[in-house]
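Biologist: Could you walk me through this model, please? I would like to start with the overall fold and then turn to details.

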There are 2 protein chains.
Amino acid sequence: MNTETNLEHELDAAANWCLQRGEKLTDLRREVLSLLLAHDGSIKAYELLAELQKRKPTAAPPTVYRALDFLLNVGLAHKLGSLNAFVACRELDHTHHHGLMLICDRCRGVHELSDESWAERLAEDAARLGFRLSQQDIEIKGICANCQQVEQAGEA
Amino acid sequence: MNTETNLEHELDAAANWCLQRGEKLTDLRREVLSLLLAHDGSIKAYELLAELQKRKPTAAPPTVYRALDFLLNVGLAHKLGSLNAFVACRELDHTHHHGLMLICDRCRGVHELSDESWAERLAEDAARLGFRLSQQDIEIKGICANCQQVEQAGEA
DNA sequence: TTTCTATTGTTATATTATAACAAAACATTT
DNA sequence: AAATGTTTTGTTATAATATAACAATAGAAA
Ligand SMILES: [Zn+2]
Ligand SMILES: [Zn+2]
Ligand SMILES: [Zn+2]
Ligand SMILES: [Zn+2]
């Protein structure tokens, strides 16, 4: 199965995901999600806009922000507040409330950890302060394995 | 001990904290930190600028952003990426690497949890993926105890 | 068809943050 | 003190991120 086929497969799955929630993955939204998925790490809204404009010259900021809002709300993408960047969700299977997003300082890559035990422990600790968690991703920053290797190679 | 005296006390402690690190808490930086401390929840850069301009009409965006950068670097303040907002650190005693910042969706208030065990467990889980954490605050969103009460009162 | 709603197009503007360079303050050496 | 170098602050302009507001279009329901 090549990349393109796989991408279409993911997009179809996403469309289905939307339908199950009574929402529609329109052509535009599908296009934006496609660009997000095609991107390895996270991507910024205006980078996404530039990409989108290659195929759709009429696109303007609201075009991409509206599509992103939709994708965020339906759970097909995540916003990384600390980077002002966006990333496709690749773990639709798990309902990953409170997923841990490990964000690389160097390459802006994201590793998503859907570990339920974190959600529970966090919720417990917060509850002790009377704090009720909203569904929310947790962003943790550092340097990914790959970038660490590059770093070491550079030092050699 | 009244509020004002207490604030001056905190500012003096902050000045000392800086000196120990070979940095200086200048008048301007002290003023900005003072405004941060006087604020209960988190505050946005341009709100801070407006406050600052009451006493220092010459202040411009770089004035406040430079002061904030300094405070962030020396550990006297935190940036909340998900809100584009800033908050004074009130736990200088602990070296709270990876402090948990519980951010209220409603009031923008912040409860800072300096729990070392979280730092360790997070680091372990991340290390399993080859991910090395950088010193970083972890932002968790929800609704604080106070705002929950207000909410219930409204429903009654 | 008619009507209503959701989506997209379009223009303008708000919000957040930094670049670049000049001036002033401060410290160090002579 | 004078001269020099460094850090901090002032100032203007602009970059980067995001939304408001309203018109046009497309889709669904009546
Ligand atoms: Zn996800
Ligand atoms: Zn990386
Ligand atoms: Zn702190
Ligand atoms: Zn609150």
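Modeller: Residues 24 or more positions apart supply 53% of the contacts in chain A that have a separation of 6 or more. Please keep in mind that this is a predicted model.

Biologist: How many helices and strands does chain A have?

Modeller: The secondary structure of chain A consists of 6 helices and 6 strands. Along the sequence they follow the pattern α-α-α-α-β-β-β-β-α-β-β-α.

Biologist: And what does the C-alpha trace of chain A span along its principal axes?

Modeller: The span is about 50 × 50 × 35 Å. Of the 156 residues in chain A, 45% are buried.

Biologist: Why do the copies meet through the same surface?

Modeller: Because 100% of the interface residues of chain B are also interface residues in chain A, the two copies use the same surface to meet.

Biologist: At what angle do α5 of chain A and α5 of chain B pack?

Modeller: Helix α5 of chain A and helix α5 of chain B, each covering residues 116-127, pack at about 170° with their axes 13 Å apart. An angle over 145 degrees counts as roughly antiparallel, and α5(A) and α5(B) are therefore roughly antiparallel to each other.

Biologist: Which residues make that contact?

Modeller: From α5(A) they are W118(A), R121(A), L122(A) and D125(A), and from α5(B) they are W118(B), R121(B), L122(B) and D125(B). By class, the contact of α5(A) with α5(B) has 4 nonpolar and 4 charged residues, with no polar ones.

Biologist: How about a helix pair inside one chain, say α2 and α4 of chain B: what are the angle and the distance between their axes?

Modeller: Helix α2 (residues 27-38) and helix α4 (residues 61-74) of chain B pack at about 80°, and their axes are 9 Å apart. That makes α2(B) roughly perpendicular to α4(B), given that the range for this class is 65 to 115 degrees.

Biologist: Which residues meet there?

Modeller: On the α2(B) side they are L28(B), R29(B), V32(B), L33(B) and L36(B); these meet T63(B), A67(B), L68(B), F70(B) and L71(B) of α4(B). The contact of α2(B) with α4(B) comprises 8 nonpolar residues, 1 polar and 1 charged.

Biologist: Now I140(A). Where does it lie, and is it buried or exposed?

Modeller: I140(A) lies in strand β6 (residues 138-143) of chain A. Its relative accessibility is 2%, so I140(A) counts as buried.

Biologist: What is I140(A) in contact with?

Modeller: Leaving aside neighbours within four places in sequence, I140(A) is in contact with L100(A), M101(A), L102(A) and I103(A), and also with L122(B), F131(B), L133(B) and I138(B). As for V110(A), it is 30 residues from I140(A) in sequence and 9.6 Å away in space, C-alpha to C-alpha.

Biologist: Changing topic: how many disulfides are there?

Modeller: A search of the whole structure finds 0 disulfides over all chains.

Biologist: Is C89(A) buried or exposed, and what about C89(B)?

Modeller: C89(A) counts as buried because its relative accessibility is 6%. C89(B) also counts as buried, at 6%.

Biologist: What is phi of N84(A), and where is this residue?

Modeller: Phi of N84(A) is near 50°, a positive value in a residue other than glycine. Most residues other than glycine have a negative phi. N84(A) sits in the loop between β1 (77-80) and β2 (85-88) of chain A, and it is partly exposed, with a relative accessible area of 38%.

Biologist: And what of N84(B)?

Modeller: N84(B) has a positive phi of about 50° although it is not a glycine. Its place is in the loop between β1 (77-80) and β2 (85-88) of chain B, and N84(B) is partly exposed at 36% relative accessible area.

Biologist: Finally, where is Q136(B)?

Modeller: Q136(B) is in the loop between β5 (132-133) and β6 (138-143) of chain B. At 23% relative accessibility, Q136(B) counts as partly exposed. Q136(B) and Q149(B) are 13 residues apart in sequence and 31 Å apart in space, C-alpha to C-alpha.

Notes
Residues numbered from 1 in each chain as written. Chains lettered and ligands numbered in written order. Predicted model: local features only at pLDDT ≥ 70, side-chain atom pairs only at ≥ 80, totals over all residues. Heavy atoms only, no water. Axes fitted to C-alpha atoms, helices over the stretch in contact; angles between N-to-C directions. Helix = DSSP H or I, 4+ residues; strand = E, 2+ residues; numbered from the N terminus. Parallel < 35°, antiparallel > 145°, perpendicular 65-115°, else oblique. Contact = heavy atoms within 4.5 Å. Nonpolar A, V, L, I, M, F, W, Y, C, P; charged D, E, K, R; others polar. Disulfide = S-S within 2.5 Å. Buried < 20%, exposed > 50% of the residue type's maximum accessible area, 1.4 Å probe, protein only.
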